[in-house]
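Reader: I would like to learn how to read the features of a model like this one, step by step. Could we look at it together?

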Amino acid sequence: MRRASDLDDLVFHALAFVACAAAAPPASRAASLHWPAYVDWARAALPAPSWSFIAEDAPVLSAMLAPTPVAHAIALLAELHASVAELQRHAPRELAELGSAEVASRAVLDALLRLPREPVELLRADLALSAPAFAELHRAVLAPHACRLLEQVEGVMRDAGPRLSALDLSSVELSATLGLRGRGFSSRIVVGTGALPGSAPEPMPTLALAVHERVVQLASGALRGRGRPSPWEDVEAIALHVERRLVAGTPIERAHSAWLDSLDLTGVSDLAASGLEEVSDALARELDAARPRDKTAGS
């Protein structure tokens, strides 16, 4: 695992201020990164220029992000550039004016251009306006907080045992502003923490999230491998079923159970009714087969 970029943290910092619209569908609510405790902390602890622009536009963005395609794709702004400095360099021009050489990923640029222009450009402008003040506090406060948590998470991982070692978590990154959530991108996973800067790090919930997001990737791949679509509701149903088995008896089982109890699972598919049991069981068997065996077993 490694620390997420400053641009990741800036994008998640901004989206923490955007409440989910009351009429948003379940899949959009699941994608919301609104974090009221972080918002309260930021207002009290951080300089106003790092959050005031996004706070002013948050009610408008709340409505704009209600459609599920927008809610799920808006975080791709974290993948558009390699750093906050790159975001600032290209911010004076609209996305439609940028070329492949000016972004980190042409595919991400194309995905953002397929969204309605207004929410993307409004949030992008707020990110650029907030960036100078945010960059300073990121170095001083947020990055050290993430580094402390990362050290503890890696310690837990070393002692997690063989059951979880079937999962490759090398693509997981840790953000200080994402909250107790995860986001899966094409080549990496970003997870957060419920612990605010200045409070004690909580490694178990973060590792439970990393496991979930990695299993989500595998579940989506399992569906595509069978020629089936991979909508959020089906992928989530498979992942939750598989990971319950995966974490059983491990140090993170309790944290995973507590996180699961906090979820709103409205809209998640029923495995049997959706014909997903075979996919789920096959993925569980695949992970079990990949798990390193205890060399002392049977001796």
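Predicted model: local features only at pLDDT ≥ 70, side-chain atom pairs only at ≥ 80, totals over all residues.

Reader: Which residues of helix H3 (residues 36-45) are buried?

Author: The general idea is that an α-helix has 3.6 residues a turn, so residues three or four places apart point the same way. In this case the buried residues of H3 are Tyr 38, Val 39, Trp 41 and Ala 42. Viewed down the axis of H3, these buried residues fall within an arc of 165°, so they line one face of the helix.

Reader: And which exposed residues does the face of H3 turned away from its buried side carry?

Author: That face carries Asp 40 and Ala 44, both of which are exposed.

Reader: How many cavities of 30 Å³ or more does the count give?

Author: The count comes to one cavity of 30 Å³ or more, and the largest cavity has a volume of about 140 Å³. Of the 16 residues that line the largest cavity, those closest to its centre are Ala 31, Ser 32, Leu 33, Leu 65 and Ala 71. By kind, the residues of this lining divide into twelve nonpolar, three polar and one charged.

Reader: Is Arg 114 buried or exposed?

Author: A residue is called exposed when its relative accessible area is over 50%; Arg 114 has a value of 63%, and is therefore exposed. Arg 114 lies in the loop between helix H8 (106-113) and helix H9 (117-158).

Methods:
Residues numbered from 1 in each chain as written. Heavy atoms only, no water. 1 Å grid on protein atoms, 1.4 Å probe; cavity = no way out; pocket = protein on both sides within 12 Å on 5 of 7 lines; lining within 4 Å. Points joined across faces, edges and corners; volume = space filled by probe spheres on them. Nonpolar A, V, L, I, M, F, W, Y, C, P; charged D, E, K, R; others polar. Helix = DSSP H or I, 4+ residues; strand = E, 2+ residues; numbered from the N terminus. Buried < 20%, exposed > 50% of the residue type's maximum accessible area, 1.4 Å probe, protein only. Arc of directions from axis to C-beta.
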